[in-house]
Amino acid sequence: MSYRTISEHGFRSKYYPKRMFRFKQFNVDQTGCAMKINTDGVLLGAMVTANNPQNILDIGTGTGVIAMMLAQRFTSTNIDAVEIDEQAASTANANFQNSPFQSRLTLYPGSFEHFFDQHPQIKYDLIVSNPPFYINSLQSPTIKINLAKHAAEGFFEKLIASIVNRLTEHGLCWLILPVDTSELIKGIAKQHGLHLQKIINVHSFQKDNPHREIVVFGRNAEASVQIDQFNIYEDVNIYSAAYRQLLKPYFLAF
């Protein structure tokens, strides 16, 4: 499935000309953000489950949409968000301040490595990320797109090594990834003592091969891995009932 943005009405389109994306409870300005609101991000934001998390971290927040979706769902939770791109960080911070959740959202500009170095004691019940994932692929022609979509060598090793030290005892890490990248991450996570808890295979259509996996890691080595399938479409240009139900709390169209 090619990368596409989502229109204000909940439908995917190749280009989304409006800078402002309106949700039911908040708005997202996309000015200066290389990675616009997209299907991967909103699926992750809507699917994440956790047992009464008190502190959440969103790594690579982009526009801030995932963080705000989680703030809408978990109404007493404090959410930190890290973004390395300076312009995107500025836009995300403005989105946070203009949202009804602004008192519970904090934006930290810079890399996740720098953030963790500056806050060595902080731990999270939930860490989420829609990370850059095109490993060893051709680099994008612009710096911003390259920064947003391409993982440098060793990126995921550093990411997982950092996450494992920042999860609480029962904390969970949720990531959305292409299937091949997901296989790499599973191996890295196991090496660092993070154990697979759940896989959600994301399909465009029921009969298609999955093009994304949402993977959930935690410290529980004894947990049986739950495997689910999620279909975005039931027919061409017709969203599945599951997709519509999942995003109904957020999208104006649903």
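Me: What percentage of the 254 residues of the chain count as buried?

Reply: Buried means under 20% relative accessible area, exposed means over 50%, and partly exposed lies in between (1.4 Å probe, protein chains only). Of the 254 residues here, 52% count as buried. Please keep in mind that this is a predicted model, in which local features need pLDDT of at least 70, side-chain atom pairs count only at pLDDT 80 or more, and totals for chains, interfaces and linings use all residues. Residues are numbered from 1 along each chain as its sequence is written, and side-chain values use heavy atoms, with hydrogens and water left out.

Me: What is the mean pLDDT of the chain, and over which residues is the pLDDT below 50?

Reply: pLDDT is the predictor's confidence in each residue, from 0 to 100. The chain has a mean pLDDT of 87, and 84% of its residues reach 70 or more. Over residues 1–17 the value is below 50, and this stretch has 51 contacts in the model beyond near neighbours in sequence. Residues 134–138 are also below 50, with 10 such contacts. A contact means heavy atoms within 4.5 Å. Where pLDDT is low, the predicted coordinates should not be read in detail.

Me: How many helices and strands does the chain have?

Reply: Helices (H or I, at least four residues) and strands (E, at least two) are DSSP runs, numbered from the N terminus. This chain has eight helices and 14 strands. Residues 24 or more positions apart account for 69% of the contacts with a separation of 6 or more.

Me: In which sense do strands E6 and E7 pair?

Reply: Two strands pair if DSSP finds at least two bridges between them. Strand E6 (residues 78–83) pairs with strand E7 (residues 105–109) in the parallel sense, over five bridges. Within this pairing, aspartate 80 stands opposite threonine 106 in E7, and the bridge partner of glutamate 83 is proline 109. E6 also pairs with E5 in the parallel sense over five bridges; there, alanine 81 in E6 is the bridge partner of aspartate 58.

Me: Which elements make β-α-β units with E6?

Reply: A crossover is right-handed if, with the strands pointing away from the viewer, the path from the first strand over the helix to the second runs clockwise. E5, H2 and E6 make a right-handed β-α-β unit. E6, helix H3 (residues 86–97) and E7 make a right-handed unit as well.

Me: Why is E6 described as largely enclosed by the rest of the structure?

Reply: E6 is largely enclosed because five of its six residues are buried.

Me: How many residues are in the largest nonpolar core?

Reply: In soluble globular proteins, nonpolar side chains tend to be buried together. A nonpolar core is a set of buried Ala, Val, Leu, Ile, Met, Phe, Trp, Tyr and Cys residues joined through side-chain atoms within 4.5 Å. The largest one here has 46 residues, and those with the most contacts inside it are Phe23, Trp174, Tyr243, Leu247 and Phe251. Helix H2 (residues 65–73) gives the most to this core, with seven residues. Apart from it lies another core of 25 residues, among them Phe116, Ile160, Ile185 and Phe217.

Me: Is methionine 47 buried or exposed, and which residues is it in contact with?

Reply: Methionine 47 is found in helix H1 and is buried, with a relative accessible area of 11%. Leaving aside neighbours within four places in sequence, methionine 47 is in contact with Arg73, Trp174, Ile200, Ile214, Phe230 and Leu246. Methionine 47 and isoleucine 200 are 153 residues apart in sequence, yet 9.4 Å apart in space, C-alpha to C-alpha.

Me: Where is valine 202?

Reply: Valine 202 sits in strand E10 (residues 195–203) and counts as buried, at 1% relative accessibility. Valine 202 and phenylalanine 230 are 28 residues apart in sequence and 4.9 Å apart in space, C-alpha to C-alpha.

Me: Which loop holds asparagine 52, and which holds asparagine 237?

Reply: Most residues other than glycine have a negative phi, and most peptide bonds are trans. Asparagine 52, in the loop between helix H1 (39–47) and strand E5 (55–59), has a positive phi near 50°. Asparagine 237 lies in the loop between strand E13 (233–235) and strand E14 (238–239), and its phi is positive too, about 65°. Asparagine 52 is exposed, with a relative accessible area of 53%; asparagine 237 is exposed at 64%.
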